[in-house]
Amino acid sequence: MIELQGLTKRYGDKLAVDGLTCTVRPGIVTGFLGPNGAGKSTTMRMMLDLDNPTAGTVLIDGKHYRQLRDPLRAVGALLDAKAMHGGRSAYNHLLCLAQSNGIPDSRVREVLDTVGLTSVARKRSKGFSLGMGQRLGIAGALLGDPRILMFDEPVNGLDPEGIHWIRNLMKNLAAQGRTVFVSSHLMSEMALTADHLVVIGQGRLLADTSMADFIARNSRSYVRLRSPEHERLLDVLAGAGVTPVTTVDGTLEVDGTDAARLGELAARHQIVLHELSPQQASLEEAFMQLTAGSVEYHAHSSPGPDPAPGRPVPAAGQGPGDPPPGAGWGADRRKKGS
Amino acid sequence: MAVAAQVLRSEWTKIKSVRSTVWTLGLAVVVTVALGALISALSKNEFEKLSAEDRIDFDPTFTSFAGTGLGQLAMIVFGVLVVSNEYSTGMIRTSLAAVPQRGTFLFSKITVATLLALAVGMITSFVAFFVGQAMLGEHKASLGDPGVLRAVIGGGLYMTLITVFSMGVATMLRSPMLSLGILMPFFFLVSSILGNVSATKKVGQYLPDQAGHKVMQVVTVDDDTPYGPWGGFTIMVLWVVAALIGAYALLKKRDA
C-alpha cells in the first residue's frame, strides 16, 4: 500500500505536483494516467525519495522510503530504462543491486530468466535495444521480490510481444496480492491492464476511480445510422420521438435508443439503411476531455480543429482511415520526459 | 552496520565491472613509472652539466616521481568517472532507490575507490622509485636513506588523495565533462604556475597538490615553504575533507 498525502513539488514558480492525495491499494493494478508533463514521473521519483517533496509525504506500508531497510525487498521500481551504466553487463548490473540489499546472487539468474535476458546476461547493456533495456529495468524491479511494484511507462519501446508480456506480468503480480502502480500517457493501454485509475493533469488529481466506473461514466454510446433516404429517415425518427444529430458527412447519430429499435423502426417504414451500428466513444477521448484543460504540450500539427472540451465528442477517430486515438499524444512525446 | 557491508560489496562489484577502472588505473601506473624512468635516465646523463649548487639540490627520489604530474591526471579521471558515471548514465536513480541512505551510499563508494586507489598508488610509487633509481645509476638514493621511505609512501598517499579529492569535486559537479574540464587543467597547469610564480607563490603553495608534493621530496635545500612534509600532507588532507563535506552536503539535499 502506498499513501500519498498532500504531495507537492515546486520547481521555481511552477507547480509540478500540486497537493496530490491518494492511496494505491494492493491486489490490483492501479493505472497512473496523465498527459506528458502532468507530473507522473516527478510523483514517482518522490515516492522513491529521489526527489524531495516541497510539501506532503509518501508512506510505503506506513513508512518513509528512506526508513526502509533493504528497500528493493519492499518496493521494486522501473523508472527509466536507461538508468544503468551501459558498460556494465546485465548480470553485473543486477548483481550490484542485489548485493546492496542483501539479496542472494542466485536471484539474479532467476529474474534474468523471468524477463528472458539469460542469453545476453554477460553482454554490456549499452548494446541493448530499448526493449531489452526495459526488460533489464523490469528485472531490477523484480529482484527483491517486493510487495510493491512501480513502473513508469513500461511499454515504451517494447514490441507487441513484449507489450503483451508486460501486461500479463502486471496482472499476475497484482493477482499475487502485490501493489502494482503503473504510469502511462495512453488511456488505451490502461484500459487493458488497470483495475483502478488515478488521473492527474498539471500536477492535480483529476480522478481517482475504478476502471469500471470510469468507463461507465465516460464512454458515450450511440447508434450510427446512414440511409440514402436521409430526409424520410429524419421524419420517421422525429415521429418516434427520437432526436438524432446529423454529422458533417451526413450520417445520423442517436443517443439513448438501442440499435434494434431503430432497425425495426426503419423496417416498418421501409427505409433502406446502409448503416446501423452501435458505437462507443473511445476511452482515449474521454481521457482527453478530462485532461483537456491541463495539457502542457499541445501538438498543433494535426489538421482540423481540436475537439472542444465539454462538448459531446464527434464521431471522428472511429473511422478506419483516421489516426488511432492517442496519436496526438504521441506526436509531442519526447518534448519532455514526463 | 550490516547495510554498510552490503553497500561496500555492491560498490566493489560496480567498480570492477566497468572497463574504465582498468584503463585509468593502468594508465596511471604506466605513465608515472615510464615518465619517471625517462626523466631519471635523462637526469643521469645531464648530471655532469649541472652547476655545483644544482648538484647539492638534486633529489633523486623526487626525480623518480617526475611522472606523477602526468600520471595523476589518470587518477583524476578514475576518481571523476567512478562518481560521475552514475550521473551521466542515469544509474544514480537506480543506485539511490536501492540505497536511499545517501551518506552510506556516498561513503561506501568513496571508501571502495579510495582503497583501490591506495593500492594502485602505493604500487605505482614503489615501482616508480625503484625503476627511477635504477636509471639514475650512481646518483641513486636508497630506501634506507633518511626521508626516502617517507617520500615513497608519501607518493602513494599523494596519488590516493588526489583521487579522493576528484571524487568529492565530481560529486558536487555531477557532470564528468565539467569535473574533468576543471580538475585536469587545474592540476596540470594552473596550480603549478600559481605555486611557482613568485607573485602568487604565497597563496599557491597552499593548493592541494602543491602542498601534497612536499611529502614526496627528500632534499630540500633553500626551501622557504612554511610547512614540512607532513604539514604539507595535512594541508592536502584538509582540502580533501572539505571536498567530501561539500559532496555529502549537496548529495544529501539534492534531487537525484
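**Strand pairing, nonpolar cores and a kinked helix**

In chain A, strand β10 (residues 221-226) and strand β12 (residues 252-255) run antiparallel and are joined by four bridges; strands here are DSSP E runs of at least two residues, helices are H or I runs of at least four, and both are numbered from the N terminus. Two strands count as paired if DSSP finds at least two bridges between them. The model is predicted: local features need pLDDT of at least 70 and side-chain atom pairs count only at pLDDT 80 or more, whereas totals for chains, interfaces and linings use all residues. Residues are numbered from 1 along each chain as its sequence is written, with chains lettered from A and ligands numbered from 1 in the order in which they are written.

The open sheet of chain A has four strands in the order β11-β12-β10-β13, with antiparallel pairing. Its edge strands, β11 (245-246) and β13 (275-280), each pair on one side only.

Elsewhere in chain A, strand β1 (residues 2-11) pairs with strand β2 (residues 14-24) in the antiparallel sense over seven bridges. Y11(A) stands opposite K14(A) in β2(A). The two strands form a hairpin with two residues between them, and G12(A) in the turn has a positive phi of about 60°. β1(A) is also joined by five bridges to strand β4 (residues 55-60), again antiparallel, and I2(A) has I60(A) as its bridge partner in β4(A).

A nonpolar core is a set of buried Ala, Val, Leu, Ile, Met, Phe, Trp, Tyr and Cys residues joined through C-beta atoms within 7 Å. A residue is buried if 20 or more other C-beta atoms, placed from the backbone, lie within 10 Å of its own. The largest such core has 141 residues, and L94(A), L112(A), A139(A), L143(A), M150(A) and F78(B) have the most contacts inside it. α8(B) gives the most to this core, with 13 residues. A second, separate core of nine residues includes V223(A), L225(A), L237(A) and A266(A).

Helix α9 of chain B (residues 176-196) has 21 residues and should span 30 Å at 1.5 Å a residue; its end C-alpha atoms are 29 Å apart, which agrees. The expected span is 1.5 Å times one less than the number of residues. A kink of about 55° is centred on F186(B), the bend being the angle between axes fitted to the seven residues ending there and the seven starting there. The buried residues of α9(B) are S179(B), L180(B), L183(B) and F187(B).

Key. Buried ≥ 20, exposed ≤ 12 C-beta atoms within 10 Å, placed from the backbone.
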